[in-house]
Amino acid sequence: MAELNTSLARPTARQRCLDRAIVLWVMATALFAILPHLTRMPILLAIALASICLLRISRWYRNPHWLLRTATVLCAVGIIFWLHNGLWGRLPGSQLLCCMLILKSFELNRSRDAMLMVSLSFFVVATWFLFSQSPLTFVYLMAATWLGLTSMIVINRDGCRPTEIRSLLIQGARLVIPAIPLALAMFFLFPRLSVPLWGIQGGELEGVTGLSGSMSPGDISNLFIDDGPAFRVTFTGSKPPRDELYWRGPVLSRFDGKRWSQSVYSSVAARNKPSREAADISYEVELEPHRRHWLFALDYPAIYPSDSRLSIDYQLRNVRPISNVKRYSISSDLDFRDNRPINGTLLNESLYLPSGIGQRARELASNWQAEYGAAETIVAQALRYFRDNPFFYRLDSLPLLADPIDEFLFDSRAGYCEHYAGAFTFLMRAAGIPARVVTGYQGGIDNGEYLLVRQSDAHAWAEIWLDDEQGWSRVDPTAWVAPDRVQQGSRAVVDVPNWLHAPWLVDVRNQADKLRHWWNKNIVSFNANRQSRLLQPLGIERVDQRQLLLLLIVLSVVISLVIFWWYRFAGRSRHADPVVNAYRHLIRRLQQAGIDPPHHAGPQTVMRKVISYCPDSRVQTERLFGRYIRYRYAHGSEHSLDAETRQLKAKQLADQLRAFRIPRRK
Amino acid sequence: MHTESHSRLSAVALDDSAATDQPAKALLDELGQAIAQVNRIVLGHPEPVRLAFCGLLAGGHVLVEDLPGVGKTTLANALASTLGLDFHRIQFTSDLLPADVVGVSVYSQTNERFAFQPGPIFSQIVLADEINRAPPRTQSALLEAMAEEHVTVDGQQRELPSPFFVIATQNPVDLAGTWLLPDSQLDRFLLKITLGYPSAQAERMLLEQPDRQTLLNNSTPILNTDKLQLLIAHVNQVHVSSALLDYIQALIAASRQHAQIHVGLSPRAGLALLRASRAHALLNHRQHVIPEDVQMMFVALAGHRLKVIEQTDHQALDPSGIAQDILNTTAVP
């Protein structure tokens, strides 16, 4: 009687409170899901969410009063609103979702709530793709999915013991792995829109480094410590020599005494462009997002993407800021000269010197002008000045405070490329030669099939206007002070005692970048256009969206059938004994015929089922199953036969089992 | 239904022309007659009767657990009278002492020395009735004798007769006035049998027929010590194929991995399962064990050995149900 009572009381008891193991699993899933988002939150909010998780799993936790719960939710919404001036957008939206997920744990009372939290965790994990699409994100997402599915198993089993964690995780993996082919089919075949469904708002991707569009001493040397990739280049034809690899970026013509910045005319279109025919260097660039407009190219681009513009100072600017990995093809003409005469404001801007600084430099330059006269000679004299005086190329130069030009040229004489480029341009302007600073990247390392250009390859050089024939010419004063910078890359010239740059570590990083490159090339930049060309290897030029959908449906059905088959039959590996295989085949046939012996039934039970299904078949069924039972279970006893006869009999029996006609019910 | 399939099975098994060294058919027939006689006395429980015979042939002891009045004692009495063995019954009570079971040394005036007076345990079949009503000390005396097949009294070891077979009965543990048998001692019983209520038809016959005691008094012994020893020797010769050993091992392993089991089956339980399955095969006139033999014995053998996890809401799970669950989820090799 007592047993009856407890068994009746059981469902209500289960509804009333969740097993502690379930709470632990669900909270672990939720915490794992919000972990990447926590890194982007204000530290106090992140700590608050993490401590709610800890509070919920502690033993002395009790559900707060509903008034307190409502207040917490309102407080969370208020904080997010205050942080972002609204709730609309990627960052506030995802953070709100994280808060709501964790606050839901105050209502984690029944298995329904647990299921809801796990489902919501899947959604939170997916939102992380709005911020990052790297391979690591993908791996993280898979892990989170695995954890979530395992939690669902735990919820459905009504708890778990520590010793079972391993087998539960294996069960979870068995759910994740068969879904991968289906997910791949969806990824490649689900019809894509050629324009994004919603635009991702700019300005939220903070902490992205790169060239900024202006330059003051120290800007580029700060980039030196950033080992992240800037872009990757794959040359389709011949590759130019290393000292020609000047990747042109922002051009800086204005100088206010401290900062170099862009010309006000940089939005004006280029006056003359290199001809397409002369462009002999073709390459494809995979640009990491830097949230600005520049595309990097070798001088001077002749063929470039249609959504970008070439400005009057030959900056290549994309219409929209680069917020995702962008792949583009470019052809450059290295021999082209921008020699259309400059005049008026452009000329003034290229000669402008701010008053009050660089007095000694001005004197030096006017001496040269008076002594040599011709522009080429003055340039040569300036470069000789850099070479003959004790100039050093180093990162940790002293800050130049009052007068960056004179202090550098005459006192400290130590600096990074931006010091040289800036000082050289100043000297040229003081000597009456139009000059400007160009920033960009120089060189790059050969990483197998592509050239990897890192942030640390950022560089600055000068351009001077010589005459109407030669036009603007590139002069790199750094190359005179530290030729290795151009020949071997930035690492060659600066002593880096840092263990971070140990050769093996650099190698690991290069391999990781290869993976990223592959990922960007094949996964991230897979778009509607590439989707329509998906079947090109099979000889089908283009597939439209309807065909894609049809293909997807067919493939999904096929994959589902394979998965179904796998679940149903994969556990049955082939046995070494042909008789056993033939018997298992017979059991499957019986299952298909509707006799349906369970898999734990022994042969005698199966035999009885067959006979009760069709009593007429009794004699032949008994004979066959009797033979099988003796073969399988009486083998090895004193009555067994010699090996040869046995083998012969085994073959006979296997044939009989396969030939057995399943009787029909009358 | 059951006897029908039984006869069909023996037909299947015995048409094996290669079989030569079978126990004499007459002996097996006598065994069949013995089972039939017990079934005539204990109405409506053919399955527990077969299990009891299996336990006997496997050389193990049997625990019969059920509510009062369903025929536990009748089953034990019927077995004893049919087997033709020397029989004693001990009624366990709360004041029963170990000496009441194993015997005591009494000073004899005539010989001027202590003489051992053997207790009721010195017989081939011992019916320990309501074993869980005796205090643990007395229970232990019996259970030790079961394990060792000898008793030690006054420092002297005395062998028990052979075959030595204990049928213990007990009431369900949650009834008042009982002492729970410890797990280690439960393990001494090869099988635990439950009878349950008889079917309507059997119950009707029970009411119609003369008193059970009369039937018991009228029953004749069919087997004897020698025949039983011979049958037990034959049990050990029943062949077990490697596929079947795999099956037994898989069942034992599954019991240890089951989610609701705290302590699974021991290797000793595996050996016991093997022995009981052999006995079941012989009972069905077979010289080899088939998976069905193992399946028939498994629940009775594992039910009292499995330690179930205590649920959070103090809900006791039925170990026999879990044993059946293990059977249903383990594939036959």
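Visitor: Okay, a crossing is left-handed if the near helix is turned anticlockwise from the far one by less than a right angle, and right-handed if clockwise. Which is it for helix 7 and helix 8 of chain A?
Guide: Right-handed. This is a predicted model, where local features need pLDDT of at least 70, side-chain atom pairs count only at pLDDT 80 or more, and totals for chains, interfaces and linings use all residues. Residues are numbered from 1 along each chain as its sequence is written, with chains lettered from A and ligands numbered from 1 in the order written.

Visitor: At what angle do the two axes cross?
Guide: Roughly 120 degrees, with the axes coming within 8 Å (lines fitted to C-alpha atoms over the stretch in contact; angles run from 0 to 180 degrees between N-to-C directions).

Visitor: Which residues of helix 7 meet helix 8?
Guide: Trp146(A), Leu149(A) and Ile153(A) are among them, and the helix 8 side includes Leu168(A), Gly172(A) and Val176(A). Contact is C-beta atoms, placed from the backbone, within 7 Å.

Visitor: Where does helix 8 bend?
Guide: At Ile180(A), by about 35 degrees, and Pro181(A) follows within four residues. The bend is the angle between axes fitted to the seven residues ending there and the seven starting there.

Visitor: Switching topic: what's the mean pLDDT of chain A?
Guide: It's 82, and 88% of the residues reach 70 or more; pLDDT is the predictor's confidence in each residue, from 0 to 100.

Visitor: Which element has the lowest mean?
Guide: Helix 1, residues 2-16, at 40, while helix 6, residues 111-127, has the highest, 93. Over residues 1-16 pLDDT stays under 50.

Key:
Helices (H or I, at least four residues) and strands (E, at least two) are DSSP runs, numbered from the N terminus. Two residues are in contact if their C-beta atoms, placed from the backbone, lie within 7 Å.
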